[in-house]
Protein chains: 4
Amino acid sequence: MSYTPPWAWITEWLSHKEAHLHGVYKVYFFGRTKYQDVAVVETGSFGKALFLDGFVQSTEFDEFVYHEALVHPAMITHPNPEKVAIIGGGEGATLRESLKHQGVKEVTMVDIDRELIDICKRYLPEWNKGAFNDPRTKLVFSDGRRFLKENREKYDVIILDLTDPIKGGPSQYLYTKEFYTIVKERLDDEGVMVTQATNPRYYLEIYATIHNTVKSVFKLARPYRTFIPSFLTDWGFVIGSKGRDPLEVSKEEIERRTGDMESRFYDHEAHFNMFWIPKYMKAIMSRIKRVSTDSSPVGLEKWGL
Amino acid sequence: MSYTPPWAWITEWLSHKEAHLHGVYKVYFFGRTKYQDVAVVETGSFGKALFLDGFVQSTEFDEFVYHEALVHPAMITHPNPEKVAIIGGGEGATLRESLKHQGVKEVTMVDIDRELIDICKRYLPEWNKGAFNDPRTKLVFSDGRRFLKENREKYDVIILDLTDPIKGGPSQYLYTKEFYTIVKERLDDEGVMVTQATNPRYYLEIYATIHNTVKSVFKLARPYRTFIPSFLTDWGFVIGSKGRDPLEVSKEEIERRTGDMESRFYDHEAHFNMFWIPKYMKAIMSRIKRVSTDSSPVGLEKWGL
Amino acid sequence: MSYTPPWAWITEWLSHKEAHLHGVYKVYFFGRTKYQDVAVVETGSFGKALFLDGFVQSTEFDEFVYHEALVHPAMITHPNPEKVAIIGGGEGATLRESLKHQGVKEVTMVDIDRELIDICKRYLPEWNKGAFNDPRTKLVFSDGRRFLKENREKYDVIILDLTDPIKGGPSQYLYTKEFYTIVKERLDDEGVMVTQATNPRYYLEIYATIHNTVKSVFKLARPYRTFIPSFLTDWGFVIGSKGRDPLEVSKEEIERRTGDMESRFYDHEAHFNMFWIPKYMKAIMSRIKRVSTDSSPVGLEKWGL
Amino acid sequence: MSYTPPWAWITEWLSHKEAHLHGVYKVYFFGRTKYQDVAVVETGSFGKALFLDGFVQSTEFDEFVYHEALVHPAMITHPNPEKVAIIGGGEGATLRESLKHQGVKEVTMVDIDRELIDICKRYLPEWNKGAFNDPRTKLVFSDGRRFLKENREKYDVIILDLTDPIKGGPSQYLYTKEFYTIVKERLDDEGVMVTQATNPRYYLEIYATIHNTVKSVFKLARPYRTFIPSFLTDWGFVIGSKGRDPLEVSKEEIERRTGDMESRFYDHEAHFNMFWIPKYMKAIMSRIKRVSTDSSPVGLEKWGL
């Protein structure tokens, strides 16, 4: 058989000297909100996909890997999460995963970009699977940092589902010591936070710095990672805990608490595996001492990398 | 600062609808041997890199991950490997890793493409690090399958460092039941083989089929995988063993046997981690029953994927 | 200043070994009619542009060059065109140019793709400039060849504003001797036809064949060409005339008849210049004897070129 | 039949928002001289081609169009050129064309980049066709402006075969009033100069400015242009003459003087045609009054265009 490549493409500029090309077969949405460029398109390899500012956020093919990897380790580390806050998470899939845990009474999702959420509701129903209509869901359109600072609520788990800390971008101050201090104040005594933490392939120094920064605030911090096909790389996360260590949760507890939960990626094997950091990464990370602060925040510059 | 992208690029066509672009900054070699297109270039993200037929084989930045992941699990699974055979492995890095194991007396490397090896010797000295000159090395230019079939030697470990089983390509019959039967015959009683097994992101069915095929010949077969940055994906491998199960080797034995060995990726944590197959992959793999045979060999078609 | 390239692109595959990339800044329309893929986008270099099946048809920046070059030489060659037919011409700009000629009483435009015309009316108003609402305009949705065959009307000028004669495509039989014979029958005694004739850079043989074919039917045939920036090449046209030779029209007549006509490209200098065919093209064209017929139509294959 | 695109490409960045991709099938040379990046490669569409700093300079397929268009109008405008100087012209093809004129006794070619000329001699013999060995050839490695300034020779024709006046690049001061004044001083009383003048598609303002600048120095200046396939555009040139007007040369003189000369592009029709500037270009050019001077030289910036 004979195949010709498509004529419409999205070029993810991994830097100015490397790129990933997605053939585009349909355009569901292509435009700009107040905050960012948004595209929802049918890609050749990953099905329907959401791009923000030209970077893939999640795809039909593997969004479950990212969202299960982000949500469940933190939820399981807390012995009994009832109140959850999500900062970011426009697609509604982080919300969907959080609501799967029995015992959850309320999930507050705070996203700054109302237009984006309308786009996601309309074009990505497979992502939220009705989560926006769950009676336990509270949706707030606000700046996440301000929301946590001004709010007096306490949460069991806070999930930071953010865009990368791009230099000068809207998320840069959501990766600093000062911000994590606010997060910590909003957590109960056994509270757990988790943040996406960029990818260790390109941004190992930033990943290590985010880990250091969480560690500088929380009793316990654990970096973890897993491979996300559409991101083309292992992706990084960091847990901060006021209570348990995620490595001390038992296999049996994970099995018990996830037994009735629909999942395609997360199970007790995934849980422990994700905390493995390869030797060569650990070697580099151990030499990085930087902590990100409001006066000197980590910032990445994709194009010039 | 201001950056402009380069003007020379290698496009890895992951299929006709997805591509990976490497900026090219130097060309060390660009030509064709009797068997394949060969390019050795300086890439923007991965340093010096070898491409065969337009696909990256290994890069300065991370070749150690691939080669350590290919070689050490099999070597460690055998309690005391003295004689090793490598089929393929043109860069000489699989050879280099094999020779690191104490007790190894002889490594026979069989590659069909003499010109490629000359190119690798000349342009990729950082890969072989002198391994071609090791007195324990025997280099044979021959078809790997014929070599094993006609040869009466026995080996402790046989490492299959091959190109992918592309439809109609030179490696397609090095992934069949008949071939693995020959491999098994050339192994001693505790002998272990390992093969690269394509990547489970794109070729999960082929990966599963290779696993099934090894399993149909060997007492024990174990698929494993790990993330290789320049391949943009978790990469797959399969071990077949006439003796031990790689999962039954103790952490202590691995530490003892690798204590003096220089490695950047492989250690006992990596060893056990690599055998973890994510739940969604296992679910699909368990439904695939195919075995590859000479009359119906697995074959992949990158372009049309 | 610092610039980064866009992340959305249209790749015009000039063949499988050459391409033209247009950065995309807005998407006005992206979809498929019954007949073809249609995209209306804002490009980086040419402003708003219409693409059919991945090939640029006309752009805000230079559509006037193409449309004036297509329409006016034929209109001027006829001493007094009153009735005009256009086959194709979805954007409405060929219509717009035809209606500029004083004395024109009726322009019948026949396009097979009603959806395309709706898209052009909605998203490309700068192209038609109200021409669809001109009382002299008759719009017919039909197969162009069937329309001319079954219709008994006579025209002064027939303008063939078609897609290229792609092998197996919808326009292949609109470039044959049999079709031009139908066209000739529908022209009055001084009638003139003109067809776009692909580009002589890539398709010199096809361009020459179209010329030969028109010549095999009409008393007089003249190839001409001009540079269209967004097409990246000189573009080819062929006039067939039952009456005058376009080279015999006087400079004064052109000035008189275009004096009040708004034009940005066409004037008497352009008129005569366009009929110049460079020596190396003439040399090749003179060796090509082929005539396109229904049983053996010319057909181009862009991808495999 | 089935075709797959190549995996090696040269991307000509026409700007940061438009590009032209050449598939690469062989690499003859890829490296850097003291002055510029040089690549000689086999392209998919244009055969062997020379790229400087990532931009195509000339190709096997159509270098004759560029070189004949650059050389012959100026040579013919002079009634009897005997001494010619070429500034730039590394490939040796401008030299080749100059030497075709009967009566030429000496051609001095001045190029700053000796390594480039060695590369062209070795890899592009089809371009120079032995011209470097012609006894009338004098080859000088020097800065062209300094050479003309310090030298006391007089020439009949001076041909400026330069790279574009890129901001901060080596050719920027070879397009100024002061430079053209030096050129004029080195020409005899009927002397003629010609310069390549960038392309009017992208750089119409620069093209107009170069024309204005030549006009500010010479009695007579004429812009001309012609389509060069591999440049994807009409290309611009400007003649400055101390003697005849190129438009006053007779058709018969051109035929007589080129009768025995091998040419594929240039003839009397090409001569007069090239001086036609389309109406829309003339309209814009007439509004541009700028003259390029040493203190304020024209400069183009391809990337940011």
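**View 1. Chain A meets chain B through 34 residues from chain A and 34 residues from chain B.** Here, two residues are in contact if their C-beta atoms, placed from the backbone, lie within 7 Å. This is a predicted model, in which local features need pLDDT of at least 70 and side-chain atom pairs count only at pLDDT 80 or more, while totals for chains, interfaces and linings use all residues. To find your way around, note that residues are numbered from 1 along each chain as its sequence is written, and that chains are lettered from A and ligands numbered from 1 in the order in which they are written. On the side of chain A that touches chain B, at least two residues each come from strand 2, strand 12 (233–241), helix 9 (268–274) and helix 10 (279–285) of chain A. Helices (H or I, at least four residues) and strands (E, at least two) are DSSP runs, numbered from the N terminus. Strand 2 of chain A provides the largest share of this side, six residues. Sorted by class, this side of chain A has 15 nonpolar, eleven polar and eight charged residues. Ala, Val, Leu, Ile, Met, Phe, Trp, Tyr, Cys and Pro count as nonpolar, Asp, Glu, Lys and Arg as charged, and the others, Gly among them, as polar.

**View 2. Strand 2 of chain A runs antiparallel to strand 2 (residues 18–32) of chain B.** Five bridges join these two strands; strands pair if DSSP finds at least two bridges between them. Look for A:Ala19, whose bridge partner in strand 2 of chain B is B:Leu21.

**View 3. Chain C and chain D touch through 34 residues of chain C and 34 residues of chain D.** Among the elements giving two or more residues to chain C's side are strand 12 (233–241) and helix 9 (268–274) of chain C. Strand 2 of chain C gives the largest share, six residues. Strand 2 of chain C also pairs with strand 2 of chain D in the antiparallel sense, over five bridges. In this pairing, C:His22 has D:Glu18 as its bridge partner.
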